[in-house]
Amino acid sequence: MKPKRELVRVVKSPEGEVSLDLTGKKAGRGAYVCRSAECFKKARKAKRFERAFECKIPDEVYALMEGELT
């Protein structure tokens with residue numbers, strides 16, 4: 001458990017687009033992960049985002065989000 005300010009939000013927009021929300025203000029369903037690339041990789045491997053958003057997330061989207069984190 002970490003304070004919300006230490007986490008980054010991943011959001012699924014009403015249109016179905018999954019992306020990082022670095023501002024924390026995008027509309028849509030959100031899931032939080034710590035800012036480290038290691039945490040992000042663990043969440044991806046365990047399919048945490050796919051379970052949270054109830055959809056399949058393409059590898060290209062994961063690559064874009066991982067690039068934004070570093």
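Student: How many salt bridges does a search of the whole structure find?

Tutor: A salt bridge is a side-chain nitrogen of Lys or Arg within 4 Å of a carboxyl oxygen of Asp or Glu; the search finds six. This is a predicted model, in which local features need pLDDT of at least 70 and side-chain atom pairs count only at pLDDT 80 or more, while totals for chains, interfaces and linings use all residues. Residues are numbered from 1 along each chain as its sequence is written, and side-chain values use heavy atoms, leaving out hydrogens and water.

Student: Which residue forms a salt bridge with Lys41?

Tutor: Glu66 does, with the closest N and O atoms 3.8 Å apart. Because Glu66 lies in helix α3 and Lys41 in helix α1, the pair ties together parts that are 25 residues apart in sequence. Helices here are DSSP runs of H or I with at least four residues, and strands are runs of E with at least two, numbered from the N terminus.

Student: Which residues of helix α3 are buried?

Tutor: Buried means under 20% relative accessible area, exposed over 50%, and partly exposed in between (1.4 Å probe, protein chains only). In α3 (residues 59-69), Tyr62, Met65, Glu66 and Leu69 are buried. Seen down the helix axis, they fall within an arc of 100° (taken from the directions from the axis to the C-beta atoms), so they line one face of α3. The face turned away carries the exposed residues Glu60 and Leu64.

Student: Against which elements do the buried residues of α3 pack?

Tutor: With contact meaning heavy atoms within 4.5 Å, they pack against β1 (7-12), β2 (18-21), α1 (37-45) and α2 (48-53).
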